[in-house]
Amino acid sequence: MTTFITICDTCKREDWDETKNDRTHGEELAELVEAQAQGRSVETRRVSCLMGCTHGCNIAIQAEGKLSYTLGRFEPNPEDAEAIVDYAELHAQSDSGQVPFKQWPQGVKGHFVTRIPPLPGDGKV
């Protein structure tokens, strides 16, 4: 079961300025996360808008049959990208997607926005 890091590439933090920035903060973070994920046990994908604009930069950690998480308020920097990928690998190793707090990388603490339970199996909705 593959864990995906879904990265909002349209996120703009409050300090984004169109006269100074030619790319969104989300695009910058996506590049950094993609580079960190190379050769690791998770996949990345970009989407345009996770609808968490007040929490930008936003990402989601998802895998079929597991808890999903939305995280936000990241900076587009290598440290945040590394923490995101480190957490996603722990999610991938977990049967349920829940990672004990004591194992969380410091860089994701305080960034959780939502936890979404998996959809019921066996065709139940």
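Which backbone nitrogen lies 3.5 Å from a polar atom of the side chain of Thr 3? It is that of Ala 92. The tour returns to this spot below.

**Before you start**

This is a predicted model: local features need pLDDT of at least 70, side-chain atom pairs count only at pLDDT 80 or more, and totals for chains, interfaces and linings use all residues. Residues are numbered from 1 along each chain as its sequence is written, and side-chain values use heavy atoms, with hydrogens and water left out.

**Stop 1: the sheet**

Five of them form an open sheet, in the order 2-1-3-4-5, with mixed pairing. Strands (E, at least two residues) and helices (H or I, at least four) are DSSP runs, numbered from the N terminus. Two strands pair if DSSP finds at least two bridges between them. Now select 42-47 and 112-116. These are strand 2 and strand 5, at the edges; each has a single partner strand, so one side of each lacks a neighbour in the sheet. From one strand to the next, the twist averages 20°.

**Stop 2: strand 1 and its partners**

Select residues 3-8, strand 1. Four bridges join strand 1 to strand 3 (residues 59-62), and the two run antiparallel. Find Ile 7: it stands opposite Ile 59 in strand 3. Strand 1 also pairs with strand 2, in the parallel sense, over six bridges. There Thr 3 stands opposite Val 42.

**Stop 3: Thr 3**

Zoom in on Thr 3, in strand 1. Thr 3 has 0% relative accessibility, so it counts as buried (under 20% relative accessible area; exposed is over 50%, partly exposed in between; 1.4 Å probe, protein chains only). Look for its contacts (heavy atoms within 4.5 Å). Beyond neighbours within four places in sequence, they include Val 42, Ile 61, Lys 66, His 91 and Ala 92. The backbone nitrogen of Ala 92 is the one from the opening question.

**Stop 4: the aromatic rings**

Select Tyr 69, Tyr 87, Phe 101, Trp 104 and Phe 112. They form one aromatic cluster. Rings of Phe, Tyr and Trp (its six-membered ring) pair if their centres lie within 6.5 Å; planes under 30 degrees apart count as stacked, over 60 as edge-to-face and the rest as tilted. The count comes to six aromatic pairs. Take Tyr 69 and Tyr 87: they are edge-to-face, 6.2 Å centre to centre, with 90° between the planes. Tyr 69 lies in strand 4 (residues 68-71) and Tyr 87 in helix 2 (residues 78-93), so the pair ties together parts 18 residues apart in sequence. Tyr 69 counts as buried at 6% relative accessibility, and Tyr 87 counts as buried at 1%.

Methods
Axes fitted to C-alpha atoms, helices over the stretch in contact; angles between N-to-C directions. Polar contact = N/O pair within 3.5 Å; in protein donor to acceptor, adjacent residues only side chain to side chain.
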